Amino acid sequence: MVSRTTTRQVTPSATTPRGRGPVVAALMLVMGLTALDGTVVSTAVPQIVGDLGGLSVFSWLFSGYLLAVTVTLPVYGKLCDTFGRKPVLVAGTVIFLVGSLLCASAWNMGSLIAFRVVQGLGGGALQGTIQTIAADLYPLKERPKIQAKLSSVWATASVAGPAAGGLLAGYGDWRWIFLLNLPVGLLALWLIGRYLVEPERAPGRTPRKVSVDWAGALAVFATGTLLLTALVQGGVAWPWLSAPSLGLFAGALVLAAVTVLVERRAAEPIIPGWIWRRRTIAAVNLALGALGLVMVAPTVFLPTYAQAVLGLGSMAAGFVLSAMTLSWPVTAALSNRVYNRIGFRRTAIIGITLALLVLLAFPFLPFPGEPWQPALLMLLLGGALGFFQLPLIVGVQSTVPYEERGTTTASVLFCRQVGQSVGAALFGAIANGVLAARLGSGQNLDSLAPRLAAADDTLRRAIDAAVDYVYLGAAGAAALALLVLLVLAPRRFPILGEEERPGEA
């Protein structure tokens, strides 16, 4: 048994079984836009900088986008529950496409960064809403299938993105990276408009006045902006203990207190208190926040390790990382066979325990080693995390009714994104500290970046040691996630009863 079943009913999607295929195709297309975005743009950075300049601030092409996505996730989650999924998904797609068109017309680095933020404002709507609609479309026993399909989009993007970005930038114009989003997005919009049908209000319910907590939305946005800016730029644009860094953290703390006061008084708060009062949701949020920290080690530091220590090119280094994304969707698709027998919590515990062992094994790799060795560990890590993340997301979505699912899903993704930002700052400080101890003060990954391709033995060993410590830090984050599941997560998730869809046995 997965868990006990109550008599309450979860409102199903009104989309017919025949219409689900086109809707799933639309979700995969839209997710493909966001998944490909980072990998394609990162490959074309040299061409973009060569055309527009702005080498000193180009990192904001990614930081600005990530910041906009993260701080808007809770807002869009609440809007999904208030106005429905379809209008939020359509609006988010339109904003993302407008941002893409503006990016293609950028005239300098400043304008491109601003337009990337516009893209991120749309991307925040896409990430949470796609996951929410996926849960609406399918009953509990079938959700791993759709989640595996969505995960496969990320796997494909991790492999195809760098190659596509290199081809477009090398043989065409980098602006096509953004222009090609338009036909894909327009096709997705047509499929959504034609086939996605949302449920009508349940009979007997009286319509209630829609109230949007715009003050709370602004407070959440401002707090998240200051906090993430401090985490992303601290130790990079300015020292951690400098006035800008301390000022941003202090401002974020003050705004967080203001946000709590505003949300307590709001009739329909953007981040309702029940998100943290319900044990299951709070535990999943904390566990996936720890997952965000774990993911920083492979996604941020493994490519550097592959280039400097193993001597691989940038594209080959990307393929070492892609091993993780190939196994992840496979185990995610198979996870329902496990959690249907032993439950969501136990399945996630098995996954994060295996991930912890893999992360602890990384520092024992020989120096310099062969590329297949870290690739094998990443293959195992992806398989372990497939058993960890998906059961928690599917499980927590199944503990809430339809009208709370958007907020719940957004809170989970928000915590994971914040975890990634915290992890990038924390592990970046660890790596730079190891490098400074090995090579002398003032040495860090940013200053050493131009020397990675022709690193000498001393530099290679220093980077090897720095990445080893990062993986040990990621192992600590995995241990934290395990502790959360053991101590805070309920033994059985309180799953709500679900209505049968038309045409299902």
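This is a predicted model: local features need pLDDT of at least 70, side-chain atom pairs count only at pLDDT 80 or more; totals for chains, interfaces and linings use all residues.
Leu-150 sits in helix α6, where helices are DSSP runs of H or I with at least four residues, numbered from the N terminus, and strands are runs of E with at least two. In space, Leu-150 is 9.7 Å from Ala-25, C-alpha to C-alpha, although the two are 125 residues apart in sequence.

Residues are numbered from 1 along each chain as its sequence is written, and side-chain values use heavy atoms, with hydrogens and water left out.

Let me turn to the core. A nonpolar core here is a set of buried Ala, Val, Leu, Ile, Met, Phe, Trp, Tyr and Cys residues joined through side-chain atoms within 4.5 Å. The largest one has 77 residues, and those that touch the most other members are Ile-352, Leu-385, Phe-388, Leu-392 and Leu-485. At least two residues of this core come from each of α11, α12, α13 (314-342), α14 (344-361), α15 (372-397), α16 and α18 (457-487), and the largest share, 17 residues, is supplied by α12. In soluble globular proteins, nonpolar side chains tend to be buried together.

Next, the charged pairs. A salt bridge is a side-chain nitrogen of Lys or Arg within 4 Å of a carboxyl oxygen of Asp or Glu, and the structure holds five of them. One of these joins Asp-51 to Arg-175, with the closest N and O atoms 3.6 Å apart. This pair links distant parts of the chain, since Asp-51 belongs to helix α2 (residues 45-52) and Arg-175 to the loop between α6 (143-171) and α7 (176-179), 124 residues apart. Asp-51 is partly exposed, with a relative accessible area of 44%.

Glu-404 lies in helix α16 (residues 402-439) and Arg-278 in the loop between α11 (274-277) and α12, so the pair ties together parts that are 126 residues apart in sequence. Glu-404 is buried, with a relative accessible area of 17%, whereas Arg-278 is partly exposed at 31%.

Finally, the surface. Patches are made of residues with over 30% relative accessible area and no salt bridge, nonpolar side chains (Val, Leu, Ile, Met, Phe, Trp, Tyr) being joined within 5 Å and like charges within 9 Å; accessible areas come from the Shrake-Rupley method with a 1.4 Å probe, and for residues only the protein chains shown count as cover. Trp-276, Leu-286, Leu-480, Leu-483, Leu-486, Val-487 and Leu-488 make a nonpolar surface patch of about 650 Å². Helix α18 gives the most to this patch, with four residues. Val-487 lies in α18 and is exposed, with a relative accessible area of 51%.

Technical notes:
Buried means under 20% relative accessible area, exposed over 50%, partly exposed in between (1.4 Å probe, protein chains only).
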